[in-house]
Amino acid sequence: MTVESTAARKPRRSAGSKAGGTGTGRTTRAGAGKSAEPELVQLLTPEGKRVKNAKNAEFVQYVAGVTPEDLRGLYRDMVLTRRFDAEATSLQRQGELGLWASLLGQEAAQIGSGRALRDDDYVFPTYREHGVAWCRGVDPTNLLGMFRGVNNGGWDPNGNNFHLYTIVIGSQTLHATGYAMGVAMDGADSAVIAYFGDGASSQGDVAESFTFSAVYNAPVVFFCQNNQWAISEPTEKQTRVPLYQRAQGYGFPGVRVDGNDVLACLAVTRWALERARNGEGPTLVEAYTYRMGAHTTSDDPTKYRADEERESWEAKDPILRLRRHLEASNHTDEGFFAELEAESEALGRRVREAVRAMPDPDHFAIFENVYADGHALVDEERAQFAAYQESFATESDSGFAAGTGGN
């Protein structure tokens, strides 16, 4: 059962027809009379079999040199990223983090695109690109400080060419476009990539980014992870056509790739980055995937989507897909999987220990860097806050905090 046929039975989704396609803007097989899987670039089927056809020929060359060792590396990346994500979710449920945005189900889109990047390329993420951060060498424990409330990011963006997480939806595409324009003016051959989701594609900032990047031929790749749901809003409530086709209206190419196929994501992103470096301007990549978990840990997806829909996507799991390919191709053995399992559990323990050991932030840091030369009002507020903090110590010394004082 495909996700399209499952979704068609849900009352929340429109089943109205449109000329040239279905009510969701997804393609149909001629004469089939029912919804079909969308047209996209796919190099590895859900069963783990390589796809070779004329439609994919343009992209196959970009993974022609991928070795069995490379495939094992991609598999390791996805497994460890998922393990980290699961640990972070557990930490939030246990009160160690204030919030967490899971990437469950989107590992192939992030690892495939992340491994396509060069060291001198620059990344502008949202708040869910934990797999891309992994590829850029950002320590996963550094991603958690913001969600624990002890810092505003936790890493130096220029150390890994990976910008801090952006909470404001879609604004990072403008940052990426401006940075890419600067790269072009400097005459560098590096590229820029901006990550965003299907929900952000409706934001005005993204539309402005498309306009400026096209007009100035900026070397930027817009990588949209279409995970089908903008919190509780399905994609078909935001667009009448597939998202990648929006690029046509701005004068640059768009392509839809199987976002659960790590090889296809690697190939298509390499192709798009090459275009950028060659001075051919921006590209929109729509990674067609699925958010297997909640939007964040404050969300309950059972309120707005059917279990059957999730189950249909579980069969397309990106990690299982690559494992099937590795096993069928005799590219690995059980020893590899056993060692990776042990490494995965060690990562989970390290993350948990690191989070619990994070020091509380300096209470007075909020007053720093407000004004370049200081300000009397800030000094007054700092003094008032210091007196407030000291009052707790006074109560503790008098026995109230310990319960030994009056009632």
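**Salt bridges, core and loops**

Tutor: Arg-277 forms a salt bridge with Asp-121, their closest N and O atoms being 2.4 Å apart. A salt bridge here is a side-chain nitrogen of Lys or Arg within 4 Å of a carboxyl oxygen of Asp or Glu. Arg-277 lies in helix 10 and Asp-121 in the loop between helix 4 (107-114) and strand 1 (122-124), so the pair ties together parts that are 156 residues apart in sequence. Helices (H or I, at least four residues) and strands (E, at least two) are DSSP runs, numbered from the N terminus. The model is predicted: local features need pLDDT of at least 70, side-chain atom pairs count only at pLDDT 80 or more, and totals for chains, interfaces and linings use all residues. Residues are numbered from 1 along each chain as its sequence is written, and side-chain values use heavy atoms, with hydrogens and water left out.

Student: Is Asp-121 buried or exposed?

Tutor: Buried means under 20% relative accessible area, exposed over 50%, and partly exposed in between (1.4 Å probe, protein chains only). Asp-121 has a relative accessible area of 0%, so Asp-121 is buried.

Student: How many salt bridges are there by this rule?

Tutor: Side chains of opposite charge can pair when their charged atoms come close. The count here comes to 22 salt bridges. One of them joins Arg-82 to Asp-317, with 2.8 Å between the closest N and O atoms. Arg-82 belongs to helix 3 (residues 68-93), while Asp-317 sits in the loop between helix 11 (307-314) and helix 12, so this pair ties together parts 235 residues apart in sequence. Arg-82 is partly exposed at 21% relative accessibility, and Asp-317 is buried at 16%.

Student: Which residue meets Glu-334 in a salt bridge?

Tutor: The partner of Glu-334 is Arg-323, at 3.9 Å from N to O. Glu-334 is in helix 13 and Arg-323 in helix 12, 11 residues apart. Glu-334 counts as exposed at 54% relative accessibility, whereas Arg-323 is partly exposed at 24%. Salt bridges can also share partners: Arg-83, Glu-87, Glu-345 and Arg-352 are joined in this way into one network.

Student: Which residues touch the most other members of the largest nonpolar core?

Tutor: A nonpolar core is a set of buried Ala, Val, Leu, Ile, Met, Phe, Trp, Tyr and Cys residues joined through side-chain atoms within 4.5 Å. The largest one has 68 residues, and Tyr-75, Leu-144 and Leu-322 touch the most other members. Helix 10 (residues 262-277) supplies the largest share of this core, 11 residues. A second, separate core has 20 residues, including Val-183 and Phe-252.

Student: What is Leu-322 in contact with?

Tutor: Contact means heavy atoms within 4.5 Å. Leaving aside neighbours within four places in sequence, Leu-322 is in contact with Leu-44, Leu-71, Leu-74, Tyr-75, Met-78 and Val-262.
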